[in-house]
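Please look through the sequence and the model before reading on.

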Amino acid sequence: MEYDTIIIGGGSAGSVLAARLTEDPTRRVLLLEAGGRDRHPFYHLPAGFAKMTKGIGSWGWYTTPQRHMKDMVIRYTQAKVIGGGSSINAQIYTRGNALDYDEWRQAGCTGWGYDDILPYFRKAEDNDTHANRYHGQGGPLGVSQPRAPLPICDAYFAAAAQLGIPRNLDMTGEEQDGVGFYQLTQKNYRRSSTAVAYLRPAEKRANLTVITGAQVLRVVVDQGRATGVDLAGQGIVRAGEVILSAGAIGSPRLLQLSGIGPAEHLRSLGVPVVFDQPGVGANLQDHVDLFVIAECTGPHTYDRFAKPHLSALAALQYLLTRKGPVASSLFETGGFWYADPNARSPDIQLHLGLGSGIEAGVAAMPQGGVTLNSAYLRPRSRGTVRLASADPLAAPLIDPNYWADPYDREMSIRGLKLAREIMRQDALKPFVLAERLPGPDVQTDEDYFNYACAHAKTDHHPAGTCRMGSDPAAVVDPQLRFNGIEGLRVVDASIMPSVVSSNTNAATIMIAEKAADMIRGQA
């Protein structure tokens, strides 16, 4: 069967595209997702995030050794399930800073300034608190206030205030600066993934076909035009347009497997070159995360519910009241502040974790603890996504190239120092017994560097590997059409010229909302 549109990847962007494009009943759409369905309850319970970085719904990939960080290798969680990152993330709804998008426009991405994209953020939202110039209600995506904050969150706000950091009641509104509760992609106290919010209602339409467990081997290009995909077990499936929405790692990976990418690299692996585009898989950006973990003076966080009998009680509490630890994303408190006092907008993001050992590779405190993550938001370093071999089942070579620019290292360490200072303030002393990581022995910048090279992790925000622009070297144009191949678009976080100054999920949903209008000739 032929389709008008094939979408590769049913994640944060692909599910949105499938839903929006099939609002036109004459358009036949095929959505292909390599992962499975989101049937496990962990995908829908807010606290299920704690299981996600430990392997559920993920490809199980790792970075290459990071040469500027003592060759450390970092687990690199990338979603492999319907809904993509929106099904496994911490549900934090942040958009970045308005200046991020204005800089995109200034760099040649016409139509992508803040005033251009704000309507698409609002269009997506069903916000349970705000309805104003910055927020919408009635859209598919649930955006909600946290259901289960703890008293230690208020102490964190007070500690930040002791350092001159103000409280911010809406960090996606007029100002980003300050600390506060993040809004969450939740609705009725359950995760609001794009699979649930967009795709599930759309699957009732006769013009949408969804196939999960679909292994796309390559994009088929005939005489300079994408005409379909080679699907494992089914052969060639044809379409008028092919849209890659496989994410900042998956999209450049599949393009390269299709012979579209840096020719010299492809030839070295025996991949026939279809189109030489050096920008495919280049320009990889990500936020690297450094954290403080403190032991608590008592049961002030959700760590105590790790015990089986208390875990069962928490599940019962959630079933009866929709409150308690199961209703928490565990990272619903945080904020934005400055490592560089001359930065044009906040360049550090903080996430307060209501426990310890929440993510893979992070230490747990035997008596219970609290975590404060810090991430430098506008890295100057650029990395790559490359193939390890021509085998479509092989893991890609993911090299974020963290701290290639020494400025990134300096700002990251400043962010960690800020996190330590917050945790040491008097307001948190009733809750915090002692800092355990980095610990009292970490004092000099060399100590901080060594600590980072043992404990750093990704913030799960890869972007930029199919860069949008108006210059000849850009991978896609501002309409997200692939430069040099007809009938091919890329719609996901890979098109970001520079990563936004926050979590990337909301921005990816916005990109898909805008792309759908462009494809339908409405933008």
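What kind of unit do S1, helix H1 and S2 make? In this predicted model, strand S1, helix H1 (residues 14–21) and strand S2 together make a right-handed β-α-β unit.

**Strand S2 and its partners**

Strand S1 covers residues 3–8 and runs parallel to S2, to which it is joined by 4 bridges. S2 also pairs with strand S12 (residues 208–212), again in the parallel sense, and here the pairing extends over 5 bridges. The table sets out these two pairings, with one pair of opposite residues for each.

| Strand paired with S2 | Bridges | Sense | Residues that stand opposite |
|---|---|---|---|
| S1 (residues 3–8) | 4 bridges | parallel | Ile-8 and Leu-32 |
| S12 (residues 208–212) | 5 bridges | parallel | Val-210 and Leu-31 |

Is S2 itself mostly covered or mostly uncovered? The strand, which takes in residues 29–33, is mostly covered, since 5 of its 5 residues are buried. Both of its faces are covered, with Val-29, Leu-31 and Glu-33 buried on one side, while Leu-30 and Leu-32 are buried on the other.

**The largest pocket**

The largest pocket holds about 740 Å³ of space. It is lined by 30 residues, and the closest of these to the pocket's centre are Ala-47, Ala-50, Lys-51, Phe-305 and Ser-311. Which helices each supply at least two residues of this lining? They are helix H2 (49–52) and helix H10 (308–321), and H10 gives the most to the lining, with 5 residues. When the lining residues are divided by type, 19 are nonpolar, 6 are polar and 5 are charged.

**Arginine 253**

Is Arg-253 buried or exposed? Arg-253 counts as buried because its relative accessible area is 8%, and the cut-off for that word is under 20%. If its neighbours within four places in sequence are left aside, Arg-253 is in contact with Trp-59, Trp-61, Leu-387, Pro-392, Leu-393, Ala-394 and Pro-396. Glu-241 lies 12 residues from Arg-253 along the chain, and the C-alpha atoms of these two residues are separated by 19 Å.

Notes:
Residues numbered from 1 in each chain as written. Predicted model: local features only at pLDDT ≥ 70, side-chain atom pairs only at ≥ 80, totals over all residues. Heavy atoms only, no water. 1 Å grid on protein atoms, 1.4 Å probe; cavity = no way out; pocket = protein on both sides within 12 Å on 5 of 7 lines; lining within 4 Å. Points joined across faces, edges and corners; volume = space filled by probe spheres on them. Nonpolar A, V, L, I, M, F, W, Y, C, P; charged D, E, K, R; others polar. Buried < 20%, exposed > 50% of the residue type's maximum accessible area, 1.4 Å probe, protein only. Pairing = 2+ DSSP bridges. Right-handed = clockwise from strand over helix to strand, strands pointing away. Contact = heavy atoms within 4.5 Å.
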